Amino acid sequence: MKNKGTIVWFTAILALVCIYQLSFTFVTRNVEKTQRESATINGKLDNDLYRHKLDSISHETVYNIGITSYTYLECKEKELNLGLDLRGGMNIILEVSSEDVIKGLAGANGEDKDLLAALEKAKEKSTQSEGNFVDYFAESFKSIAPNRSLAPLFSSRENSEYVKYNSTDKDVINFLKNETKQAADRSLDVIETRISQSNVSQPNIQRIEGGRISVELPGADNPEQIRRMLQESAKLEFWEVYGNNEKNDFAGFKFMDEANKALKAKYGITDETDTTTKDSTTVNESEESKTESTEGDLFSKTESKKDSASVSTSDSLSEEDKFKKENPLYTYLYPAVSSDGQLYPSPYVGYAKKENMAKIEELLNDPVVKKVLPRNIQFAWGAEPMGDNSDIYALYFLKPNKQGKAALSGDIIVDARPSTSQTGQIEISMKMNDVGAREWRLITKAASVNQDFIAVVLDGKVYTAPTVNSEIPNGMSVITGSFDLKEAQFLSNILKAGKLPAPARIVAEDVVGPTLGQESIFQGTVSLIIGFLSVVLVMLVYYARGGWVATIAVLINMFFIIGILASYGAALTLPGIAGLILTIGMAVDANVLIFERVKEELRIGKTLKTAINDGYKAAMPSILDGNITTLLVGIIMLFSGAGPVYGFAIILIIGILSSLFTAILVTRVLVDRRVEKTNDYKIAFSYSTLGQNSNFNFVRNCKYSYIFSWVLITAGIIAMAMGNLSSGIDFKGGWAYRVQLDQSIPSYKIKDVLDKKLPGSSNEVKTIGSDKRYKIVTSYLIDSTDPEISKKVQTDLVNALSEFGLTKKNILSSSKIGPTVASSVRSTSSIIIIISLIGMALYIFIRFKTWSYSFGAIIATIHDVLAIFSVYAIFGPILPFSTEIDQTFIAAVLTIIGYSINDTVIVFDRVREYLTQKRASDMPTLVNQAINSTLSRTIMTSFTTIIVVIILFLFGGESLKSFSFVIIIGIAFGTYSSIFVATPIMMDISRMMNRRKKIKE
């Protein structure tokens, strides 16, 4: 083999990269362990103290590598992220109501009878099928009012730039689509900002299909607070500011200094105390420094005293304590002064570390401070830290109007967008409505006198506070600054957030308690270890030294997968662990194909080196075909967006690419080096002859397999028609709760109580795992848009089942899927299965260049999918675990599509080889010989994969029972169909095509 050195070097470099990436995980775990121990009081962890300690060290260096160092926050961002199902937390999908956006854009016409009827009809369509709401609205409006055009409804001064009275319906539809998209963009920016200001670590926020927003919050332990935070309407306001500049005599600093003096008078050192704790010289110097003429010098000298040593007795206060006593506020809040102690113009009065913000707010709200500050003064922090990788935030003193409120509310903003000045500088153009323009003129006229600042405040946080240079008479303003395009777009969205006619609403959510997360980690780890050891045992028992090579390759493969996953930044989820376990079996499959082919080459008398070289070469097409088809399925799974299918797909794709490298190249280097040293390498034991001399007549018996398949699938279709196939909430919508009761209660009793106490709902109750654990699915109030509906449903559920001892603490996890999301999941699942089947058919056609192979493979794959559904429909009601059709089920079916094709390709490769080389007219004989020659490989590849899935089924926990069961029956049917369905159909079609060809000739 050539380029062995390159492979060794690449493996070493990749290993170092993985070690580097995973090192951040070990560092953060060690830091968190230390902080957890320090936050444990009397054997009990104080969660608030623990979070505070982590927050306080977020910007401290905790990891040094050579010349580079990393803070705890930077390490946290680079560590291996665990999904919600492994660490607990919330996954929320939000959606901005297109219906409310359209009504808002219609303005005074928002109550038009035809418009409201069209919106209602469009709402019904959107819950039945996946599509664009604006298109549904336009279609509905045309059917309700065929003689009316849309333009008169939306032509207004605010929309005049985009919609005229005589605009075409097409122009109006494009305008509505653009506005609904921008509403989603604005919501995304607002949500990202709110999350970044919370205490949730490693949030994952992304746009998904349908314009929805997925928010994943690991470790979130207050679902009600999170729901309120995400669903609150954006509150945009414009405030005048007590800032610092020469024209207003640095009013902001003066107020801050008055607050410090008031706090000192209440909490600081008295003159009597001073004379007893330090000498008179020190006191005089200190008092002198306090009477300097300018506030800049005052602060400079006071701060310098903090660093000097002037105590003269052993019982004196330390300089640090003395400074704290003399400057209670300045201890935590640093005034906006330059390095030489001079005040400089700024809209903010000072700045502080994030950990001190709460203390500063407490001090500023002290009654003695309230007395010396202007009435109704408001305090607000900057929305973003003052620098990259900083935890320093600016503090603003906001000046209320006569009514004690903001100078102007944000709902007067008509438009805001990035623009470019004549000098090429990026700026923000802002347009107000007529009411806002009149108010804005008065506000800017007053502020321009002293060139004061106007703060843009969203949800109580200041995003920018530009200087007002002149009166703005027409509501058209330009905000300048050192923006790049991304920052300008973000600020534009913030300015338009006040225009948002409706907040984002939760349409789906998943809450996992920490207890369930810890159980999932334990079960997943146990499954992974046992699955790995099982495969290792099989390989060592059957393949001798070849088994050792395969074991080393699998270990390297698992290490690479985890390292690449950490580098990629993806979360390791429970389905991801299932994918990792499945990858172990599939990675060994490649080695099985190679070893079996090498054994064949040895049996025909080739030397060891030649057999190894030819074996690897001959096995390569089958390995590549099988992995490429599974890779295609994994890529198709990514289109599902977020959720369990996505997490599984990421691991599957990384695992396939990694296993190709380790199983083909790494094992080859190991085998070649051993052979070069000893020229004696035992690929397998002498008894490893499974299926070696088989001579079954598969073709002759295929009619029995046809009968079996037809009977099974027909029975399955009948069972499906009878309603035996149940859909999960992913597909039908609803609420799902996993609860733990103190006593075992028959499921039907719980259902009866829910039917009586949750009016208008359909309810399902199933026992899961322990006889005291239940999964409850209900449609109770699922169509409600009330922001507090999650809290109400959970409260009503607890009250309904209180007689069985249910409390909120007994709820291990909860999920919500709204009707529109369920419709989207159904559509997406159907589409990706169809695309997978078509993709497999096209690949087989390209690979084998004939429709007979492609048709045989796709019929066999469809057969396997139908067989899985049939088994679920027939046996689902009696199986002791959940057999619902949900996203996890779809992920398993897609995996089987790839696996089935993989198995079929192995057989087809050998059939084509025999037909090409032997060119005999007796096709059935050659097909039988080809199938028998691959029987050992077929059995071993299926066995090594199915054994790890059985382990997953037994030890992976209730969440993965259904998934692993689908894989088990899918592997069984995939192996069966590759021999008894795909090959006979391919043979029959080939015969038919040959007969037609002869007739034409």
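Trainee: What share of the residues of the protein chain count as buried?

Mentor: The model is predicted, so every value here is computed from its atoms. A residue counts as buried when its relative accessible area is under 20%. Of the 1001 residues in the protein chain, the share that counts as buried is 55%.

Trainee: Take helix α21, residues 574-603. How far apart are its end C-alpha atoms?

Mentor: The helix has 30 residues, and at 1.5 Å a residue it should span 44 Å. The model agrees with that expectation, because the end C-alpha atoms of α21 are 44 Å apart.

Trainee: Is α21 largely enclosed by the rest of the structure or largely open, and how many of its residues are buried?

Mentor: The cut-off for a buried residue is under 20% relative accessible area. The helix is largely enclosed by the rest of the structure, because the count of buried residues in α21 is 28 of 30.

Trainee: Which residue just after α21 takes a positive phi?

Mentor: The phi in question is about 95 degrees. The residue just after α21 that takes this value is Gly-605.

Trainee: Ile-577 is found in α21. Is Ile-577 buried or exposed?

Mentor: Leaving aside neighbours within four places in sequence, Ile-577 is in contact with Leu-86, Gly-524 and Leu-572. Across a separation of 375 residues in sequence, Ile-577 and Leu-952 are 9.6 Å apart in space, C-alpha to C-alpha. With a relative accessible area of 8%, Ile-577 is buried.

Trainee: How are the axes of α5 and α6 oriented to each other?

Mentor: The two axes come within 11 Å and cross at roughly 165 degrees. An angle over 145 degrees counts as roughly antiparallel. That makes the orientation of α5 to α6 roughly antiparallel.

Trainee: Which residues of α6 meet α5, and what classes make up the contact?

Mentor: From α5, the residues involved are Glu-99, Ile-102, Lys-103 and Ala-106. They meet Leu-115, Leu-116, Leu-119 and Lys-123 in α6. By class, the contact of α5 with α6 has 5 nonpolar, no polar and 3 charged residues.

Trainee: α5 also meets α9. What is the handedness of the crossing where α5 passes α9?

Mentor: The axes of α5 (residues 98-106) and α9 (residues 169-196) come within 10 Å and cross at roughly 120 degrees. That makes α5 oblique to α9. The crossing of α5 past α9 is right-handed.

Trainee: Which residues of α5 take part in the contact with α9?

Mentor: On the α9 side are Phe-175, Leu-176, Glu-179, Thr-180 and Ala-183. The residues of this contact divide into 5 nonpolar, 2 polar and 1 charged. The α5 residues are Ser-98, Val-101 and Leu-105.

Trainee: What is the class make-up of the contact of α6 with α28?

Mentor: The axes of α6 (residues 113-128) and α28 (residues 819-848) come within 7 Å and cross at roughly 45 degrees. That makes α6 oblique to α28. Ser-126, Thr-127 and Gln-128 in α6 meet Pro-819, Thr-820, Ser-823 and Arg-826 in α28. These residues divide into 1 nonpolar, 5 polar and 1 charged.

Trainee: Ser-829 is found in α28. What is the relative accessible area of Ser-829?

Mentor: Not counting residues up to four places away in sequence, Ser-829 touches Phe-731 and Ile-890. Ser-829 and Phe-639 are 190 residues apart in sequence, yet 9.6 Å apart in space, C-alpha to C-alpha. Ser-829 is buried, and the relative accessible area is 7%.

Trainee: Asn-42 is found in the loop between β1 and β2. Is Asn-42 buried or exposed?

Mentor: Asn-42 has a positive phi of about 55 degrees although it is not a glycine. At a relative accessible area of 81%, Asn-42 is exposed.

Trainee: Where does Gln-451 lie?

Mentor: Gln-451 is a residue other than glycine with a positive phi, near 50 degrees. At 32% relative accessibility, Gln-451 counts as partly exposed. Gln-451 lies in the loop between α18 (434-449) and β17 (454-458).

Definitions and conventions. Residues are numbered from 1 along each chain as its sequence is written. This is a predicted model: local features need pLDDT of at least 70, side-chain atom pairs count only at pLDDT 80 or more; totals for chains, interfaces and linings use all residues. Side-chain values use heavy atoms; hydrogens and water are left out. Helices (H or I, at least four residues) and strands (E, at least two) are DSSP runs, numbered from the N terminus. The expected span of a helix is 1.5 Å times one less than its number of residues. Buried means under 20% relative accessible area, exposed over 50%, partly exposed in between (1.4 Å probe, protein chains only). Axes are lines fitted to C-alpha atoms, for helices over the stretch in contact, and angles run from 0 to 180 degrees between N-to-C directions. Angles under 35 degrees count as roughly parallel, over 145 as roughly antiparallel, 65 to 115 as roughly perpendicular and the rest as oblique. A crossing is left-handed if the near helix is turned anticlockwise from the far one by less than a right angle, and right-handed if clockwise. Contact means heavy atoms within 4.5 Å. Ala, Val, Leu, Ile, Met, Phe, Trp, Tyr, Cys and Pro count as nonpolar, Asp, Glu, Lys and Arg as charged, and the others, Gly among them, as polar.
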